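Hi everyone, thanks for coming. Let me put the structure up on the screen, and then I'll walk you through a few places in it.

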Amino acid sequence: MRTRSIFLWMCAGAATALTFSSCSLFKKKYEKSAVTGWDYNNPKWGGFYVAKNKEQQTGPGLVFVQGGTFTMGATEQDVMYQWNNIPRRVTVSSFYIDETEVANVHYREYLYWLSRVFGQTYPQVYQKALPDTLVWRSELAYNEPLVEYYFRHPAYNYYPVVGVSWEQASDFCKWRSDRVNEKLLIDAGILSMQDIDNEQADNVFTTGAYLAGLYEGTPGKMANSRKSPYRNPDGTPRNITFEDGILLPNYRLPTEAEWEYAALAYIGENPNPSRKEGKRGEELIMNREVYPWSINPTGLRDQRRGNFEGQFLANFKRGLGDNMGIAGGLNDRASIPAPVKSFYPNAFGIYNMAGNVSEWVEDVYRQLTPLDADGFNYFRGNVFMDVYRNAQGEFEKDSLGRLKKIVEPDSIAAKRLNYQRADVRDYLDGDSLSGVTYGYGITSLINNETRVIKGGSWNDLPYWLSPGTRRYMQQNMSSNTVGFRCAMDRVGSQEGNGFRTGNYFRQPRQKR
């Protein structure tokens, strides 16, 4: 009897040990803080959520541009005698840029959305966004068919949109940012698809308003799931933040330095570019390119043997009165802008960085900015903003659903070491420190609303095809030769996804 009891006791002990072993085996392991030892993502320890290392996904329509240093400015003789593109060595951080120019069909999608959401409540929003089709008119040319059909007819769907001002292009970038981030949240199950059908002017999704908690959206399946990592410690759904790694940075116009760097695409000149983690290519540029294509960077024609030999690599005007050549042997096969994926892309895979249409960039124009601007992320045009708060300290939305922002008061900026004013568009060139004044409309055509235009167009001579050339126009004006493309900041590794930042060496073995 005693032997049987001992046997049962031993069996019970073994079962208990097996149970504890199983519990420890299936116990969830949490990442721990290296500074406090507390668990991340553990609701019992406060629920501080840390997303796993997520790399930035490439937004719709974008290509990755690996940053670096290059000589910005003129690569040919300054035949215009403007001295506004003096060569300067600068460094550009990695970023994303549109593979093509924004096309008519893309802009019509934008207009359709504005009409659907704001058409009844704020029709002026739609009217303000319409491109100016009258830019095609000329006193001594018959261009009325282009006035009527270029923007609307489906034959021109994928031709670059023109007649768009800098202000309209900037508004398009903001709209695009919100629509892309809204879809990312829907795809992740955070928001419901039914919100799209119910979009109204008083509750439209914008990224800023959502992050501030001012957007009243319908939670999706993942938001309501108990397994969702995006929940408060009490189990209720919470809004996504940038720390979750789902939302993308905003689309915007590229800076002048970014545009020129992307156009030249010197990565194509590197004889042995890095392709793997831990491998490094040669820090070498073979020569300075005049034009933004790798086939013949100092000429206008394809040099490769075969059917394309001798064909033009861009859409431009060969000479006065010659926009496309002779019938039966058209040189660039386009009398006006051509489809956005025509002609040969550069080494980054970007189309029409010379010819087709010139493009707006973010920068405010000054003749001597190349001498004044920083050597790192060169840019003129900063107006530093703060998020507006009312008397109760709460955020507010404007009539378009965007988070209200105000220019940072100079009284706050003056206390800083790195800048003393919020609006620095005229810094060192037009402000009180420089002693320079621009009498716009009297002695000058330059002011703080004058924006830079880059790249030659379908109606330009070859001189303007060089990426280093610069022109300008008022930000509320438009032309039949000027379009635009969008850009986006790159976060994380400067070499791209799959690469780490910095050099990593094998840790040396310490002596005892």
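Let me start with a term: rings of Phe, Tyr and Trp, taking the six-membered ring for Trp, pair if their centres lie within 6.5 Å. Please keep in mind that this is a predicted model. With that term in hand, the structure holds 28 aromatic pairs.

Here are two of them. Trp 113 and Phe 118 make an edge-to-face pair, with 5.8 Å centre to centre and 70° between the planes. Trp 113 and Phe 118 are buried. Next, have a look at Phe 172 and Trp 175, a tilted pair at 5.5 Å centre to centre and 45° between the planes. Because Phe 172 and Trp 175 are 3 residues apart in helix 5, about one helical turn separates them. Both of these residues are buried too.

The largest one has 45 residues, and the members touching the most others are Tyr 107, Leu 185 and Phe 484. Two or more residues each come from helix 2 (104-118), helix 3 (123-129) and helix 5 (166-187), with helix 5 giving the largest share, 9 residues. And what does Tyr 107 touch, leaving aside neighbours within four places in sequence? Its contacts are Ala 129, Pro 131, Phe 151, Val 161, Val 164, Gln 168, Phe 172 and Phe 484. A second, separate core has 26 residues, including Val 92, Tyr 266, Val 361 and Tyr 365.

One last stop: Asp 426, in the loop between helix 11 (410-413) and strand 11 (450-454). Is Asp 426 buried or exposed? Its relative accessibility is 13%, so Asp 426 counts as buried. Beyond its neighbours within four places in sequence, Asp 426 contacts Arg 366, Arg 380, Arg 421, Asp 431 and Asn 448. With Arg 421, there is a side-chain polar contact of 3.3 Å.

Conventions
Residues numbered from 1 in each chain as written. Predicted model: local features only at pLDDT ≥ 70, side-chain atom pairs only at ≥ 80, totals over all residues. Heavy atoms only, no water. Core = buried A, V, L, I, M, F, W, Y, C linked by side-chain atoms within 4.5 Å. Buried < 20%, exposed > 50% of the residue type's maximum accessible area, 1.4 Å probe, protein only. Helix = DSSP H or I, 4+ residues; strand = E, 2+ residues; numbered from the N terminus. Contact = heavy atoms within 4.5 Å. Polar contact = N/O pair within 3.5 Å; in protein donor to acceptor, adjacent residues only side chain to side chain. Phe/Tyr/Trp six-rings, centres within 6.5 Å; stacked < 30°, edge-to-face > 60°.
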